[in-house]
Amino acid sequence: MARQGISFFRWLQGLLISSIFSVVYLLTPLYIISAVIALCLQYPCKHAAYLYGAPLIISILTPSRQMPFLANYMTSMLDYFDYEEVLEISNEECIKMANEGRKFIIAFQPHGVVSFCSLCSWVSAPPELRCVQTAVASVLLKVPILKNVMGIYGLTDASSKNICRIFQTGQGIKGCLVLYVGGIAELFKTCKDEERLFIKSRKGFIKIALRQGVDVIPVYLFGNTSVLSVLKTGLLASLSRRMQVSVTYFWGKWFLPIPRDDKLLYVRGKPLGLPHIPEPTDGDVDHWHAKYVEEVTRLYNENKEKLPAYKHKKLFID
């Protein structure tokens, strides 16, 4: 049922728009397999097979494309999730930093199956910030259908080589980047009673930031792990870890791949103030990594009371 304060139509619209991402994410692997079989066997007939496989063929031939203008038609998601933001550095200050040549990584945690909190932040952001690309596992850029649907908010390869290229050649806000620190490994650490972040061994982004003279802005995505539940064991879960993209089963409202309308809270901290160290030592990396962990922990502890589901939820750093 729609929550108090918004119309049923607005709530339903938000449910349908947000469900597009989760349903496509879940069904795409099954569709690809069935389409390939239908095309190979020409089943049930040649014309039907090609018609069924057309979306797959078109997707393979079509590159992923960033479409920031679509955010204007997705605002009902913000009401569906009762989305809110706490910004210790404003959008305007971020844009000013970038325009002054002070590039940054916006470090997101936790991951979640589909990052609805970050999707909402993209929808609510000013047009300039919607142009910031999100670094993802290279496999996601190659999976038909998924690369096109998830690609609307701008995806790029998370390899260190590509990230460095963006920092070196990108101008203004296009020289900045969104990065999910915990990656897909963090997805399988989610739990109803505790929040677990996969950080301890994730130091590469700090090393790159120091080498490139790029700052890091920590962001905590409250609710990202609660809107969908994930199957953590079995063959599909193991395959997801190996492929670095989720192909396991997940569910939300009514045990379907429909996200629960839990409250989402986007909390953006201040830049850490990383220096430019062309050849950072292990000690340099450890120092700034520890500062990042400290800031993420602070953001969590200072804001968890704003969400009923998080008041008694402990944070663990893995």
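The largest cavity is lined by 17 residues, and Phe108, Ser121, Trp122, Leu129 and Val178 are the ones nearest its centre. Here a cavity is a set of points, on a 1 Å grid over the protein atoms alone, where a 1.4 Å probe fits but cannot get out, and lining residues have an atom within 4 Å of a point. The model is predicted, so to speak of local features pLDDT must be at least 70 and side-chain atom pairs count only at pLDDT 80 or more, while totals for chains, interfaces and linings use all residues. Residues are numbered from 1 along each chain as its sequence is written, and side-chain values use heavy atoms, with hydrogens and water left out.

**Cavity and pocket**

A search of the whole structure finds one cavity of 30 Å³ or more. A pocket, by contrast, is an open set of points with protein on both sides within 12 Å along at least five of seven lines. Volumes are the space filled by probe spheres set on the grid points, which are joined across faces, edges and corners. In the table, Ala, Val, Leu, Ile, Met, Phe, Trp, Tyr, Cys and Pro count as nonpolar, Asp, Glu, Lys and Arg as charged, and the others, Gly among them, as polar.

| Space | Volume | Lining residues | Division of the lining |
|---|---|---|---|
| Largest cavity | about 230 Å³ | 17 residues | ten nonpolar, four polar, three charged |
| Largest pocket | about 580 Å³ | 30 residues | 20 nonpolar, eight polar, two charged |

Nearest the centre of the largest pocket are Ala135, Val136, Ala137, Tyr180 and Gly183. Its lining takes two or more residues from each of β3 (133-136), α7 (160-169), β5 (177-180), α8 (183-187) and α9 (204-212); helices (H or I, at least four residues) and strands (E, at least two) are DSSP runs numbered from the N terminus. The largest share, three residues, comes from α9.

**Helix α5**

For the largest cavity, α5 gives the most to the lining, with three residues. Eight of the nine residues of this helix (residues 116-124) are buried, so α5 is largely enclosed by the rest of the structure. Buried means under 20% relative accessible area, exposed over 50%, and partly exposed in between (1.4 Å probe, protein chains only). Among the buried residues are Phe116, Ser121 and Trp122. Phe116 also belongs to an aromatic cluster with Phe8, Trp11, Tyr80 and Phe81. Arginine 130, in the loop between α5 and β3, is buried as well, at 8% relative accessible area.

**Aromatic rings**

The structure holds 15 aromatic pairs, where rings of Phe, Tyr and Trp (its six-membered ring) pair if their centres lie within 6.5 Å, and planes under 30 degrees apart count as stacked, over 60 as edge-to-face and the rest as tilted. Tyrosine 300 and tyrosine 310 have ring centres 6.1 Å apart and planes at 65 degrees, so they are edge-to-face. Both tyrosine 300 and tyrosine 310 are buried. Lysine 313 lies over the face of tyrosine 310, at 4.5 Å from the ring centre; such a charge has NZ of Lys or CZ of Arg within 6 Å of the ring centre and within 35 degrees of the ring normal.

**Cysteines**

There are zero disulfides in the whole structure, a disulfide being a pair of cysteine sulfur atoms within 2.5 Å. Cysteine 164 has its closest cysteine sulfur, in cysteine 176, 14 Å away, too far for a bond. Cysteine 164 is buried, at 18% relative accessible area, whereas cysteine 40 is exposed, at 61% relative accessibility.
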